[in-house]
Each structure stands twice: as C-alpha cells, then as structure tokens.
Amino acid sequence: MSGGEVAGILVAVFWAILVSFLALALVRLAQTLKAATRLVAEVTDQAVPLLSEASATVREANTQLARVDSIASDVQEVTSNASALSSTVSTAFGGPLVKVAAFGYGVRRAIGRKGRAEDEPAPARTVVIGKSLPSARWGGRRNRGSKG
C-alpha cells in the first residue's frame, strides 16, 4: 500500500465518521422539530377555546359597564333633582323660617327682660373659648362626686 492509498483510507474513514455525526444531529433535530410541532398544535387547540371564552367575557363586561353607565347617569340625574329640590325648599321656606326663629328669639328675650326690674343689671356671663364648664345644677367641681 502506498502512502496515497493510506491517506485515502484515512480521509474516507474520517469522512464516514463526520457523516455519521451529522446524520445523528439531523435525526435529533428532526425529533425536536416534531415535538415542537406537536406542542404548537396542542397550544393552538387549547388557546382557541380560551380566546373565545375571553372574548365572551369581554363582551359580558362591556354589557355590564353599559348598565353601570346608565345607572350612574340615573344617579346623577337624581342628585341634580335633589339639589334643585333642596335649593327650592331652602328658597321657599328658608327666609320665613329665619324670620320665625328671630321672632321667637325676640319674644323669649322680651319675656326674660319683663321678669326683671328695669334698673336691675343683667347677670354677668363669662365665655371661655375651648373649655367645657360644669353645669350649675350639679354644684360645681367639688361636689361632682356626690351627684345623687
């Protein structure tokens, strides 16, 4: 055997090994592609019903939102009607009620002054802002414990 023949045999063996590895890689790639195709098909089979359910849910939500919108507009209309009614009642009865209250205050004050003599001074009153003073009928601070 000559050197060229040995080199040819070595190249042929090396070439056969290389082709075997490439064939093995292509077989594994084909298996991976088949698995990926199967996975995509399963996902598609499951995604289509999910998408149709999601679409139905969105349609139902839009229907409910339309109902809520109509309810909100009705509530707004009722609120504006109540506000108009309140202002009408305030206008119609507010002025006369203030006048009646002022008249009642004036009558009470006149009756209170009528019971006192003209030259008798009015009782002194003390106003303390932010303080709560004890009631006179309980007798002040010292006698608080003995209310009964």
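This passage describes the fold, surface and one annotated region of a predicted model. Local features need pLDDT of at least 70 and side-chain atom pairs count only at pLDDT 80 or more, whereas totals for chains, interfaces and linings use all residues. Residues are numbered from 1 along each chain as its sequence is written, and side-chain values use heavy atoms, without hydrogens and water.

The chain contains 1 helix and 0 strands (DSSP runs: H or I of at least four residues for helices, E of at least two for strands). Of its 148 residues, 0% are buried (under 20% relative accessible area, 1.4 Å probe, protein chains only).

Met1 lies in the segment before α1 (3-114). Met1 counts as exposed because its relative accessibility is 78%, the cut-off being over 50%.

An unreviewed UniProt entry annotates residues 6-29 as "transmembrane region"; such annotations may be inferred rather than shown by experiment. In the model, residues 6-29 are 100% helix and 0% strand, with the end C-alpha atoms 34 Å apart.
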